Amino acid sequence: MAYWLLKSEPKEWSWDQQKKSGRRGAEWDGVRNFQARANLRKMKKGDLGFFYHTGDEKQVVGIGDVLQEHFPDPSAKKGEPWVAVTTAAIEPLPKPVTLAAIKAEPKLKNMALVKYARLSVQPVTNEEWKLVCKMAGLKA
């Protein structure tokens, strides 16, 4: 299993909307960055991901999973090479983990969220996953 971080502007698609989609999930679409697309293509059914609110919040707010591996993005124009996946909410974090807290943790200095702040779909290492979960009040 791999771990990911998926970023969303809460005004566009929020954690609450993701939760409302239930276990049927929702398409994670609209990604228009080649590295993020490559990461979407690497996602496998059952992988877990942090749901991250961008904008004013800048914090990890929940955990979801990949229900369906990549497929052509229905929001793309005909012939464009973009892909989407289907994700579902599993659980909110008991304590959201802010970007400031992540940056303040020396063990997370190499996390993609710190190094590539604008990348909307990012890999998360096993060690990073465990530490962010611990910071959120979860056992990983």
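Biologist: How many salt bridges does a search of the whole structure find?

Modeller: Three. Keep in mind that this is a predicted model.

Biologist: Which residue does Lys19 meet in a salt bridge?

Modeller: Asp16, with 3.5 Å from N to O between the side chains.

Biologist: Where do Lys19 and Asp16 lie?

Modeller: Both are in helix H1, residues 15-20. They sit three residues apart, about one turn of the helix.

Biologist: Moving on, what does Asp65 pair with?

Modeller: The side chain of Asp65 meets that of Arg23 in a salt bridge, 2.9 Å from N to O. This pair links distant parts of the chain, 42 residues apart. Asp65 is in strand S4 (residues 59-72), while Arg23 is in the loop between H1 and strand S2 (26-28).

Biologist: Why does Asp65 count as buried?

Modeller: Because its relative accessibility is 11%, and buried means under 20%. Arg23 is partly exposed, with a relative accessible area of 48%.

Biologist: And Arg32, what does that form a salt bridge with?

Modeller: Asp73, and the closest N and O atoms are 3.0 Å apart.

Biologist: Is Asp73 buried or exposed?

Modeller: Buried, at 5% relative accessibility. Arg32 counts as partly exposed, at 36%.

Note on methods
Residues are numbered from 1 along each chain as its sequence is written. This is a predicted model: local features need pLDDT of at least 70, side-chain atom pairs count only at pLDDT 80 or more; totals for chains, interfaces and linings use all residues. Side-chain values use heavy atoms; hydrogens and water are left out. A salt bridge is a side-chain nitrogen of Lys or Arg within 4 Å of a carboxyl oxygen of Asp or Glu. Helices (H or I, at least four residues) and strands (E, at least two) are DSSP runs, numbered from the N terminus. Buried means under 20% relative accessible area, exposed over 50%, partly exposed in between (1.4 Å probe, protein chains only).
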